[in-house]
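Here is a short briefing on one protein chain. The overall picture comes first, then a closer look at one site.

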Amino acid sequence: MAGDQHKEKGRIFTRRSLMMAGGQAVLMSALAGRLYYLQVIHSDEYTMMADENRMNLQLLTPLRGRIVDRFGAEIASNRQNYRVVLIPEQTKSVEETLDALAQYVDAQEIDRERIFKDTKRKRGFVPIPVVDNLSWEQFARINVNSPSLPGIQMDVGSTRTYPYGDLFAHIVGYVGAVSERDLQTLEFDPLLELPEFRIGKSGIEKYYDRTLRGKAGLSRVEANAYGRTIRELNRQEGIPGNDAVLTIDKELQQFSAKRLDGESAAAVVIDIHSGDILAMASVPSFDPNAFANGISSKQWKALVEDEKHPLGNKAIGGQYPPGSTFKMIVALAALEAGVITPDHQVFCAGYTQLGNHRFHCWKRGGHGTLDLVGGITHSCDIYFYDIARKAGVDRIAAMANRFGLGEKLNIDILGERGGLIPTKDWKLAVQGVPWQLGETYNVGIGQGYVLATPLQLAVMTARLANGGKAVRPRLVRSVTGTPLEGAVAPLNTVAAETEEIGINPKNLKVVLKGMYEVVNGKRGTARSAKITVEGWEMAGKTGTAQVRRISRKERIDGVLKSDEKPWEERDHALFVGFAPFDDPRYAVAVIVEHGGSGSHTAAPIARDLLQETLRLDPLRRPSYDIAKHGAPGARDA
Amino acid sequence: MLRELGEKNVQMPLTRKIWDMNWGFVLLICATASIGFLMLYSAANGHLEPWASRQMMRFGAGLILMFVVALTDIRIWLNLAYPLYAVAIVLLGAVEVMGVIGMGARRWVDLGPFQLQPSEIMKIALILALARYFHNIGLEDVRKIRWLIAPILMVLAPAALVLRQPDLGTALMLMAGAGIVFFVAGVRLWKFALVIGTAIPAGFFAFQFLHDYQKNRVLTFLNPESDPLGAGYHILQSKIALGSGGVFGKGLLLGTQSHLNYLPEMRTDFIFSMLAEEFGMVGGLLLFSLYILLIAYGYAIAYRSRNHFGKLLAIGMTGIFFLYIFINVAMVMGMVPVVGVPLPLISYGGTAMLTLLIGFGLIMSVYIHRDLDIPGKR
């Protein structure tokens, strides 16, 4: 019995253990099947996911192209910024390392609180900035002593720098961090997403941003689960940005800004044949370096609230009544229309009556009888009321347009404004009332609705002086290297045959004669501002633009002298001119806001600018050789 | 003649025992453990320090213990089964009272120079005790419910104590291992069906009536190692490691998932993923083959044993070994939820290695004393 039971026990055990083995075999097969499923059927997917895990793409920031003046002086460049960063996990104690570092740099500059906060927030291998903008000596000293500074690493960054400070702020502009709006509006570029990346925010920096920016390189690195880079897998170098060569002569620009210093003013010096702008000053200005490094709200507020508007570029964005500088246009309109001849005479009694309104000449006693040259020389208002009436406002407007007034000249920086040249249609469309003859009188002396920018006046003068060719202004002569994708080519790169405006040379000659007399004639309004160097004679035209209407009462009581009025009520002082008269090359336009009178304030400035231009004579000096200096990558950082 | 020996309860000479030892089994164990050393060498980026060398030392010590266990007369193990069980229960109780916090749950008891994990001892003690119990009762009794009350209590008592630690993995392992012994001892199949058939729905039913926070508490209790999100991440990374290994693997030291730390716990619970990443499916199947051979040895030894205690002991130990393998591999391949079960002979860690080698020692002892006929008490 016991033996049977024993045998039965063994049989049951054998049967049950075989079932057990079968079950385990099934489960083992399931494991093997799963292994096959993961490692063979879905292997590709998981391989991709493994690569996604470990590969990290890092952008390599290209060096931004420089901006140089026409002779190669650096106006915007990249400064190496020597920095010290701390890698917490390599220190014994962050505190100790910072104490040791304090021997080499100003202890005040180490913001311990921020560093400790960063240390806690970030992982141990992430470099934390400690101090930047170190001098080379400090940098070298820390480098030598690095064995005693565990966790300290030296780093060289690149910061945009403008060595001439406020001198080129309005032309070159500045760079700044990429804003949310930039991301939405600009063409996609992965560089824009880098937190430290800077793009052009205004001026040349903005207009030629894609040219200057360059193309990002790419570094593929292997990173571990904590984000630490283990090694670089491959690397594709980026393309540094192209350099831009300005038309500006740095020395002339310096002179212009200095000459205008203290005023709220603008001046433009232009090559009358090529349209190259040799100097474009707008004062007061601001320091673009402050923007590149981040500006404080206090500084910003001061700039915005300044009544002299340092942030605006008055040379292209300031619109002023051109005053008497507009009279050449009126004269040419009348001459070309054939409504007068150069001999046309007008008697000036100091005023003229139109209906029940009396129009005054700037000279109370009147000029007597004048012909056209005399009218320009004396800037007689009565003469120009007369010929403006004869020509009509629409002919004047057409002539103004041919000389570049009334619309944007599309110069290669932003912020340009078009000014205003009124016509009968314009007034009807905008104000809904017909044009009045009296308004034509006002246009005749460059007042009323007429507005122009200093740049437009300079271009107008250039077109007068070059014999009626429609030159266009430009600020960038050329760009180095091969143009990058999306890059902007400089305007007027190839000096194409300039379009003729189509003015009768005889008529033009009469007007230029008038401009010569303004400066060099015995009775010219700018006779005190002539250039005395032989062969450099200047011709030009003064302008004094009223900021507000002179009331009848004031006329009776006697008009106040400019310097007796509060600053913001004084007249704008203007002057346009060119030189040398016999062989013109340079034109200039000067406007001094509330400067009083054109002859006393603007003309001497223009004279000085032209004389300095002729002394420097930038057109006759060899300019920056792109072929020699501009090979991509050949320039220094 | 041997049968005679058995009947007369003669002591076998030691030399004879050593000669009789199952050296092929020992070789397989060493081969499998060597794969573990290789993976730990890889985990240290090609260095024996710090893991591989320590694991080797532990293995060496464990091997000696295994031989001692193997050479000890199986009748001594039979006699020690209940006392060992009693000690293990007391130790489990001690954990409850004075256990130190470790791995987020109380599992260790501090015994001065080393820490002891009583739940590991219990795995062996429970199989021994059950084997002794079923060895002693007749087949008729096995089929009577009243004879099953005692062994069921023997299982539930330690399982409940382990659950309180809380360590669901080990508790389930204890119950599954015991189940295997019950099964091969010849407990009626419908009884298993009844237990499984009522326990699972009852569990789910009870779960539905809990509040959300209570459910969460239960879920955390079921899976104390990590929150669901973290576990999901671990499993995904483990699957990526496995899948990207492909058929032939990335090569020793070249696993990106493991060496770049995307794979969690790669020295312990997830070491199989690392192996399969570096050696591919070929490596994985090779390890499976070694395991299957070891299990086959266990079965063969059980069949060869003339005494019922040896049969049950060998199958029980083999069963525990299989459960370790299955739960660990199924977990890293995302087939079962994450439970902290190491891969036998491969994962880094001393306690599990020791338990396993003692288990193998017992299996070998069954082999050495296979021809002893030990009569049951009744």
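How much accessible surface does chain A have, and what share of it belongs to carbon and sulfur atoms? The accessible surface comes to about 29600 Å², and carbon and sulfur atoms account for 50% of it. The model is predicted.

**Fold and overall shape**
- Chain A holds 24 helices and 20 strands.
- The radius of gyration of chain A is 37 Å, well over the 26 Å that the globule rule gives for 637 residues, so the chain is more spread out than a compact globule.
- The C-alpha trace of chain A spans about 155 × 60 × 50 Å along its principal axes.

**Burial and contacts**
- Of the 637 residues in chain A, 52% are buried.
- Take the contacts in chain A between residues at least 6 apart in sequence: 74% of them join residues at least 24 apart.

**Charge**
- Chain A carries 80 positive and 76 negative charges.

**A closer look at A:Ser179**
- Where does A:Ser179 lie? A:Ser179 is in the loop between strand S6 (175-177) and helix H7 (180-185) of chain A.
- A:Ser179 has a relative accessible area of 29%. Buried means under 20% and exposed means over 50%, so A:Ser179 counts as partly exposed.
- A:Ser179 and A:Met154 are 25 residues apart in sequence. In space, A:Ser179 and A:Met154 are 29 Å apart, C-alpha to C-alpha.

Note on methods. Residues numbered from 1 in each chain as written. Chains lettered and ligands numbered in written order. Predicted model: local features only at pLDDT ≥ 70, side-chain atom pairs only at ≥ 80, totals over all residues. Heavy atoms only, no water. Helix = DSSP H or I, 4+ residues; strand = E, 2+ residues; numbered from the N terminus. Rg over C-alpha atoms; globule rule 2.2 N^0.38 Å. Buried < 20%, exposed > 50% of the residue type's maximum accessible area, 1.4 Å probe, protein only. Contact = heavy atoms within 4.5 Å. Areas by Shrake-Rupley, 256 points an atom, 1.4 Å probe, with all protein chains shown as cover. Lys, Arg positive; Asp, Glu negative; His and termini not counted. Charge placed at Lys NZ, Arg CZ, Asp CG, Glu CD.
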